[in-house]
Amino acid sequence: MWNTTHHSQQPTQTQNNVQPSVGLQSKGGQVAGSGGSNLRTLGMTSAISTAGPKPIDIQRTAELQEALKPFNVSESEEELNHRMEILSKLNCLVKEWIKEVSISRNMPENVAEQVGGKIYTFGSYRLGVHHKGADIDALCVAPRHINRSDYFTSFFDKLKQHPEVTDLRAVEEAFVPVIKMNFDGIEIDMLFARLALKEIPDSMDLKDDMLLKNLDPKCVRSLNGCRVTDEILRLVPNIENFRLALRTIKLWAKKHGIYSNVLGYLGGVSWAMLVARTCQLYPNAVAATLVHKFFLVFYQWKWPQPVLLKQPENVNLGFAVWDPRVTVSDRFHLMPIITPAYPQQNSTFNVSVSTRTIMVDAFKQGLSVTDDIVTGRCPWHKLFEAPNFFIKYRHFIVLLASSNSSEDQLEWCGLIESKVRHLIGTLERNPYIVLAHVNPECFNGPPPPPQPIDADPASTPPPPCCSMWFIGLIFQESKSLNIDLTYDIQSFTNSVHRQAIQIKMLKDGMKIEARHVRRKQLSAYVPSHLLRRERKVSAGGNTTPPQHRNGTTSPSENNVRRKRPSDTAITVENKKSRKSETQDDDSPNNSVIVQCGEDSNSGFSSEDYSRSQDSNLNSCQENSSSSIKVDT
């Protein structure tokens, strides 16, 4: 196992906060004692501070709990009991199914009744931080004579026949195979793992690393969720403080549009590990203090220094672990957060240069806001105010995904979303693109064009389902710039179609389109109230951004103008005269020209603003110059 002792697990800027540690016992674990104390240290280093909370800290925590209530981050006792009932029913179904399969393989009935089988939970539900309406991540663990093929056939059929199960679907060929379902109103994603054991008793603990011996990689990956979640809970000094701090950070991350593992931000387990590390560094702090220290620690963190909750163990069962000394690709991870259970993995391998920049900037803002909160200068709800993504940039790439039915659209959007990070990586490798910021929120597509008055409703086909993602762009400031992005965009759309064909998902009507859109043209794509707020912010600068369109504050971006020649390239060129731009602006063709100059950080001129009023749906649909369209 690689040596981690050379990695300092405390940011150097916070060293002046270190106080003499004392031997303390905390709920959920122990913290390091001073002198010759034998109490273990939670984490890779000793705590930055073991100071207990002051009265004002307790008051701020109570205020935080009140501020979270309107956001439905907690469930009622009745809702929690409902989830437990569902899991109990599901556990009984698993036991019945394993018994039936065992008897069908000539196992005596009295023996089949003893082989067991069990449902485990992981993720936000297991951590105790799930919100109202959240799904449940579950794992079905079976004995050695039950195969994965049995799980996706006979157990799937058993679920199909259950009256409380709806929306049942299997994803057997996924990297981590899963059955998805709605069980009595609760969404459940259930994995499968077969252990090399004759029986699976109800008291089985998955902590033992030797349980992984001789298992196939898919079973190991399925078990990893439960093992990581349980290990996180073992490694925090106070579980209740950890949960309240994590609920806060998760809500903040979602509001700021940086909660999405698939798009290159952080997912739930990564946020949990960052909060857990903060708890280790401040083991006796209450939730309000932990939230403040979270931003302090990770704004100052020396990425790509890895975040670890414990010293990695050398188990040697042959599974790949995160080790930059051995695996070359691990050396290029930008924001490594390492899972604490064997086999250790980096949970943030999707993070790109742009997404890391956006998240670090969000940490900086969070620190500024919580500085004001802890000193009483502003309330907690200020932390959860979502910045308006659309006022950050003047330049966007819009990805539009369409299909003929809602069922097809669900699959199609899932595939496209899984590929967007590759497009971001391609764009940010362009030396003239400073930042490519994808908004995790998926929007409904623009409305279809109005039908003629004399059209026959019976003969008019229903409009296709359409969804959109927005990518904000910042270009490098330059007097003369000419960049062709056609190949990059076309390569992305081609790769999506190739993947869809390969997994036999592509159906008639599935299309993906990429358009370049300036901010003043957004009225054709997003609700008008966003644009009204945008103009108000631009004029006065003191309007609170809407909370339903998320994003993060970005560096000052270039003012971008565009004109269109009659070729098929997406290009960025130096701007010409205003007269020439006006003449070319509405000419339809198959290219986009974005003009960048030395004044690219200036705001809209009165002429720009006046012309922006003419942007509407018809011009969006008729103007093919801002799109590359790929039809199946």
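Is S124 buried or exposed? In this predicted model, S124 is buried, because its relative accessible area is 16% and the cut-off for buried is under 20%. You'll find S124 in helix α4, which covers residues 123–127. If we skip its neighbours within four places in sequence, S124 is in contact with V129, H130 and K250.

Two of those names come up again in the database record.

Let's step back to F122, which sits in strand β3 (residues 118–122). F122 counts as buried too, since its relative accessibility is 13%. Leaving out residues up to four places away in sequence, F122 touches D137, A138, L139, L191, G225, C226 and T229.

Now for the nonpolar interior. In soluble globular proteins, nonpolar side chains tend to be buried together. Here, the largest nonpolar core has 109 residues, and those with the most contacts inside it are F242, W252, W271, L274, W412, F470 and I471. Helix α9 (residues 287–299) supplies the largest share of this core, namely nine residues. Apart from it lies another core, this one of 29 residues, with V101, C140, F152 and F192 among them.

Take a closer look at F242. Setting aside its neighbours within four places in sequence, F242 is in contact with L127, I232, L233, V236, A272, V275, A276 and C279. One of these contacts, L127, brings us back to helix α4, which spans residues 123–127.

How values were computed. Residues are numbered from 1 along each chain as its sequence is written. This is a predicted model: local features need pLDDT of at least 70, side-chain atom pairs count only at pLDDT 80 or more; totals for chains, interfaces and linings use all residues. Side-chain values use heavy atoms; hydrogens and water are left out. A nonpolar core is a set of buried Ala, Val, Leu, Ile, Met, Phe, Trp, Tyr and Cys residues joined through side-chain atoms within 4.5 Å. Buried means under 20% relative accessible area, exposed over 50%, partly exposed in between (1.4 Å probe, protein chains only). Helices (H or I, at least four residues) and strands (E, at least two) are DSSP runs, numbered from the N terminus. Contact means heavy atoms within 4.5 Å.
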